Amino acid sequence: MRAHRTLLIRLPSGVCNVDYINRLMALTNLAYRGYEVWIPDLPKEVQYQLYSFKNFKGSLVFGAKPKGWFARAWVPLKTFRIYQDDSKKGDPNAPIVLDFKSGVIRLRKVCKNEPRYVVEVPMPKWVVGRISEGGDIKFARVGLKDNEPYLALTAEREVEPYQPSGYILAVDVNSWKYGIAWGLIRSGKLVTWRAEGPNTLLINTLYHQAVDRERMIGKLRRIGYGDSMKASRVRGQAKSRRSRIYRITRDKAYFLAGKLVRKALKYKALLVIDNMTEESRKELLEEKLPSDVVKLLMSNLKRFVHQLETLAQWYGVPYRFRRLYSTVCPVCGSKLVQEDDRVMVCGNCGFKAPRDMVPMYWALKLQLSTEDG
Ligand SMILES: [Zn+2]
């Protein structure tokens with residue numbers, strides 16, 4: 001199986017011409033649609049290699065399919081790799097040179113429409129790490145994100161998932177309020193179980209600080225001071241608090257995905273993921289939380305699942321997606337009733353467990369059924 005991981009590197013906008021990259025992106029969009037257009041004042045080498053990518057249409061190399069005629073597609077580029085031991089791979093004329101000997105990445109002819117224009121950026125540690133894990137970076141892409149130039153490096157690795165040892169690592173994706181629940185299961189027993197998430201007290205504090213400031217902006221606007229220095233300062237404070245909450249959940253998402261994949265590797269476990277977050281969203285709405293709070297508590301969960309899947313593929317961890325319910329009885333299938341302290345009880349068979357642990361019983365059941373079969 002071929003696994004991929006991508007890193008975005010922001011290019012210094014002073015040395016990269018945004019208009020030029022824009023034109024290259026428009027050309028890529030046309031190439032994507034099967035049009036071969038030769039533009040006289042753009043470097044032939046870049047155009048030539050664009051059309052040599054045609055067979056890769058729809059693949060990772062080209063990236064996501066541009067949505068419309070005027071959508072900008074990232075420009076796929078070949079790479080030339082020079083390794084520490086002087087060995088080399090790829091096309092020596094490729095526009096992107098990964099020079100591990102000098103620890104730099106060179107971009108040729110893709111940052112400015114000048115024949116000998118070269119931009120050098122330091123080699124990120126990430127790249128060295130992926131190479132040391134047996135990966136290779138055959139392709140790169142250049143493009144704009146929020147009108148800033150970026151280089152995207154895609155590492156590729158041939159990896160076979162290991163045979164699970166009998167352990168199951170079950171991961172139930174919840175809102176950040178109750179955290180992501182995971183359990184390690186072996187021979188029908190729950191070995192360890194935890195629910196982990198960010199510091200919700202801090203999120204709560206930042207949220208209330210943001211709301212207070214937004215109220216103050218409203219007041220200032222009503223008395224005609226909406227454009228004052230003070231209003232703009234307070235607006236900045238409110239914005240920075242909201243984006244800090246977003247960063248907290250994002251960092252936690254990356255941290256937890258890494259931690260769980262390392263745990264799966266350690267036990268050679270089968271990773272079972274429940275990524276249906278609708279139940280969690282419903283629970284938060286039932287608690288009558290404001291919709292923007294719900295949004296914050298659900299932010300970056302998709303990113304978490306994506307990172308978990310990417311890392312599992314990269315390190316050869318076998319995984320599957322399964323529904324692990326928290327409101328359905330794992331014994332008899334009846335609907336569970338929630339009591340105080342989020343304890344779930346079955347009125348039919350008497351099953352009783354904390355809400356975040358119910359999915360682990362479903363995972364236990366799953367293990368028994370895979371052992372039978
Ligand atoms: Zn029951």
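## A guided tour of the predicted chain

Residues are numbered from 1 along each chain as its sequence is written, and side-chain values use heavy atoms, leaving out hydrogens and water.

**The overall view.** Show the C-alpha trace, which spans about 75 × 70 × 40 Å along its principal axes. Colour by secondary structure next, and look for nine helices and 16 strands (DSSP runs numbered from the N terminus: helices are H or I with at least four residues, strands are E with at least two). Of the 373 residues, 47% count as buried; here buried means under 20% relative accessible area, exposed means over 50%, and partly exposed lies in between, with a 1.4 Å probe and protein chains only. Among contacts with a separation of 6 or more, 62% join residues 24 or more positions apart, a contact being heavy atoms within 4.5 Å.

**Salt bridges.** The chain has 23 salt bridges, each a side-chain nitrogen of Lys or Arg within 4 Å of a carboxyl oxygen of Asp or Glu.

- Select aspartate 136 and lysine 89, whose side chains form a salt bridge at 3.7 Å, N to O. Aspartate 136 sits in strand E7 and lysine 89 in strand E3 (residues 88–90), so this pair ties together parts 47 residues apart in sequence. Aspartate 136 is buried at 9% relative accessible area, while lysine 89 is partly exposed at 41%.
- Move to arginine 106 and glutamate 120, where the closest N and O atoms of the salt bridge are 2.9 Å apart. Arginine 106 is in strand E5 (residues 104–108) and glutamate 120 in strand E6 (residues 118–122), so the two tie together parts 14 residues apart in sequence. Glutamate 120 is partly exposed, at 47%.
- Now pick arginine 323 and aspartate 274, a salt bridge of 2.6 Å, N to O. Arginine 323 lies in the loop between strand E13 (319–321) and strand E14 (336–339), and aspartate 274 in strand E12 (residues 270–274), so the pair ties together parts 49 residues apart in sequence. Aspartate 274 is buried at 1%, whereas arginine 323 is partly exposed at 29%.
- Finish this stop with Arg2, Lys138, Glu156 and Glu158, which a network of salt bridges links.

**A positive patch.** Select Lys219, Arg221, Arg222 and Arg235, which form a positive surface patch. Patch residues have over 30% relative accessible area and no salt bridge, with like charges joined within 9 Å and nonpolar side chains (Val, Leu, Ile, Met, Phe, Trp, Tyr) within 5 Å. Helix H4 (residues 200–222) supplies the largest share, three residues. Arginine 235 belongs to helix H5 (residues 229–267) and is partly exposed at 36%.

**Two asparagines with positive phi.** Go to asparagine 147, a residue other than glycine with a positive phi of about 65°. Asparagine 147 sits in the loop between strand E7 (136–145) and strand E8 (148–158). Is asparagine 300 buried or partly exposed? Select asparagine 300 in the loop between helix H7 (291–298) and helix H8 (301–315): it is buried, at 8%, and its phi is near 70°. Asparagine 147, by its own value of 43%, is partly exposed.

Technical notes
This is a predicted model: local features need pLDDT of at least 70, side-chain atom pairs count only at pLDDT 80 or more; totals for chains, interfaces and linings use all residues. Accessible areas come from the Shrake-Rupley method with a 1.4 Å probe; for residues, only the protein chains shown count as cover. Lys and Arg count as positive and Asp and Glu as negative; His and the chain ends are not counted. The place of a charge is taken as NZ of Lys, CZ of Arg, CG of Asp or CD of Glu.
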